[in-house]
Structures are given as C-alpha cells and as structure tokens.
Amino acid sequence: MHIVISNLLSGAARAKGTAVVIDVFRAGATACHAVAAGAARLVPAGSVEEALALKQTHPDFLLMGERGCLRPEGFDFGNSPSEIKDADLAGKTVVHATSAGTRGVLAAMESADEVLAMSFVNLSATAAYLSARMPEMVTLVAMGQAGETPSPEDKLCAMYLKNELEDVPNSMEAIRGFLRNTPSAEIFFGETAIVPETDYDLCLALDAFDFVLRARRAPEGFVELVATGPGARREGDG
C-alpha cells in the first residue's frame, strides 16, 4: 500500500486509488453523528444552491450544512455534531453541504477508484477497512479551511491515519492540546466563537464510531455516502 498525503480541493481532484477525504472541523464528525442518529444515507452537495435544489426535487430530504461555519437559510440543521447528535433522523436521506468536506468527496469521485470520508471520530474503522483491502494506492486528502487554505487539524489527522497504517505510534492527547491553541480552534472558544464549544471535543473524540463512510453513485444519479461496519444503522454494501 503506497500512501500519499494531498491537500485542499485541488488535491482531492487529483486523488488516485482509494481517496480518504478528511475534514476534522466539522464535517467528518457531523456526518458520523448523522448516521448514528439514524440517517440512512448522506448526500454530499457541492453548494448551498445544489442542496436546496435537491430538497425541491425530494421534499422528504433534510438539509444539513454550513457556509462561513453558519447554517444557511432554508437548512434544517447546521454542520454541528452537537446539534445533530440528538436529532431523530431514522431512515432519512440527509443532504450535507459544507465548504470543504462534501466538496472534497465530490471532487475525489472524479479521479479516485474509491472514496471514503473520515475524521478522528471514525479513524480506526477506516484504518481497518484499508488494511483489510490493501489497495495499491491510498491518497489522504487534508481538506483544510474551505478547501483552499491548509489547516493543522486535517494534516494531523492524515498523519495519524498514515501512522496507524504503518504501525507508527500516535498521541491523541498531544494533538488535542496542540489544536486547542491554533487559529482553527478560534471558532469554538472565547470572543471569536461562532459555533458550539462542545463541537470541539466531539470532533476530536477518537474512534467514537466503528463504521466507514463510503461514497458511491446512487440510483438517482447523485453521490451518496453510506455507512459500512458494525456500528452502522444500515449496511451500505448492498
């Protein structure tokens, strides 16, 4: 297994082999909490307008996401694990539109053989999935802020997964402490906070979930993320 780390939307668009799209703050954790809340599938959207158009076509779909970290008008939920974790999403299709993570999944679908979505919360499940399948090429895509500016949390998550796959020790406690004092964390704390502070710990809850989020083309033609693994409400390999 040859592992490379790529960055941003441009890196997602060039991903080869099995692409692992990483968005720690906050798309990855929010997506996993949506699955845990019962969502049957997630539909990554490339824009707010695309999400709203899907809602028009499919009125039963729910909308979840952000622009500038805030919930867009007309959306049912923001891109917040704190907000979504107690929602009743049983059997629902949830359209997820974020500035980086969902756009990265769609970009990687154009070039990679397989696309997974990951953050710290389902890292070991993703590592086990890759180790069991041993793809020749793995591209870890650290999405960064809005897919345009590198961010330490996504780079560290990519390195953590690479270390796991190569049997190199990691320290999650050191990562949590370091990230608390980075510009990326300013959205959670103090006068600059614009999202729930509880999102910080939820986004860094290592291995809170034991399922993989795998992208595939839905019968309706759009891309969907489905959960595969013992902790999934719905097996996504059907």
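Visitor: Which residue stands opposite Ala117 in S7?

Guide: This is a predicted model. Strand S2 (residues 18–22) and S7 pair in the parallel sense, over five bridges. Within S7, Ala117 has a residue standing opposite, and that residue is Val21.

Visitor: What is the bridge partner of Leu116 in S9?

Guide: Strand S9 (residues 212–217) pairs with S7 in the antiparallel sense, over two bridges. In S9, the partner of Leu116 is Arg214.

Visitor: How many of the five residues of S7 are buried?

Guide: Buried means under 20% relative accessible area. S7 is largely enclosed by the rest of the structure, because the number of its five residues that are buried is four.

Visitor: Where is Ser119 found, and is Ser119 buried or exposed?

Guide: Ser119 is found in the loop between S7 and helix H6 (123–133). The relative accessible area of Ser119 is 0%, so this residue is buried.

Visitor: With which residues is Ser119 in contact, leaving aside its neighbours within four places in sequence?

Guide: The loop that holds Ser119 lies between S7 and helix H6 (123–133). Leaving aside neighbours within four places in sequence, Ser119 is in contact with Asp23, Val24, Gly28, Ala29 and Cys157.

Visitor: How many cavities of 30 Å³ or more does a search of the whole structure find, and what is the volume of the largest cavity?

Guide: Rolling a probe the size of a water molecule over the atoms shows where empty space is left. A search of the whole structure finds one cavity of 30 Å³ or more. The volume of the largest cavity is about 100 Å³.

Visitor: Which residues that line the largest cavity are the closest to its centre?

Guide: The largest cavity, of about 100 Å³, is lined by 13 residues. By class, this lining has eight nonpolar, four polar and one charged residues. The closest to the centre are Ala27, Gly28, Gly101, Val105 and Ala117.

Visitor: Which elements give two or more residues to the lining of the largest cavity?

Guide: Ala117, named above for its place opposite Val21, is among the lining residues closest to the centre of the largest cavity. The elements that give two or more residues to this lining are helix H2 (27–36), helix H5 (101–109) and strand S7 (114–118).

Visitor: How much space lies in the largest pocket, and which lining residues are the closest to its centre?

Guide: The largest pocket holds about 330 Å³ of space. Of the 20 residues that line this pocket, the closest to its centre are Phe25, Cys69, Gln145, Ala146 and Ile187.

Visitor: How many nonpolar, polar and charged residues does the lining of the largest pocket have?

Guide: The lining of the largest pocket is made up of 20 residues. By class, they are seven nonpolar, eight polar and five charged.

Visitor: Where does Ile187 lie, and why does Ile187 count as buried?

Guide: Ile187 lies in the loop between helix H8 (172–179) and helix H9 (198–203). Not counting residues up to four places away in sequence, Ile187 touches Cys69, Thr192, Ala193, Ile194 and Val195. Buried means under 20% relative accessible area. Ile187 counts as buried because its relative accessibility is 18%.

Visitor: What separates the C-alpha atoms of Ile187 and Gly101?

Guide: Ile187 is among the residues closest to the centre of the largest pocket, and Gly101 is among those closest to the centre of the largest cavity. The two residues are 86 residues apart along the chain, and their C-alpha atoms are separated by 17 Å.

Visitor: Is Ser151 buried or exposed, and which side chains does a polar contact join to that of Ser151?

Guide: Ser151 has its place in the loop between strand S8 (137–142) and helix H7 (152–165). With a relative accessible area of 3%, Ser151 is buried. Its side chain is joined by a polar contact of 3.1 Å to that of Glu153, and by one of 3.3 Å to that of Asp154.

Visitor: Which residue in S6 is the bridge partner of Met64?

Guide: Strand S6 (residues 93–97) is largely enclosed by the rest of the structure, because five of its five residues are buried. Strand S4 (residues 62–65) runs parallel to S6 and is joined to it by four bridges. The partner of Met64 in S6 is His96.

Methods: Residues numbered from 1 in each chain as written. Predicted model: local features only at pLDDT ≥ 70, side-chain atom pairs only at ≥ 80, totals over all residues. Heavy atoms only, no water. Buried < 20%, exposed > 50% of the residue type's maximum accessible area, 1.4 Å probe, protein only. Contact = heavy atoms within 4.5 Å. 1 Å grid on protein atoms, 1.4 Å probe; cavity = no way out; pocket = protein on both sides within 12 Å on 5 of 7 lines; lining within 4 Å. Points joined across faces, edges and corners; volume = space filled by probe spheres on them. Nonpolar A, V, L, I, M, F, W, Y, C, P; charged D, E, K, R; others polar. Pairing = 2+ DSSP bridges. Polar contact = N/O pair within 3.5 Å; in protein donor to acceptor, adjacent residues only side chain to side chain.
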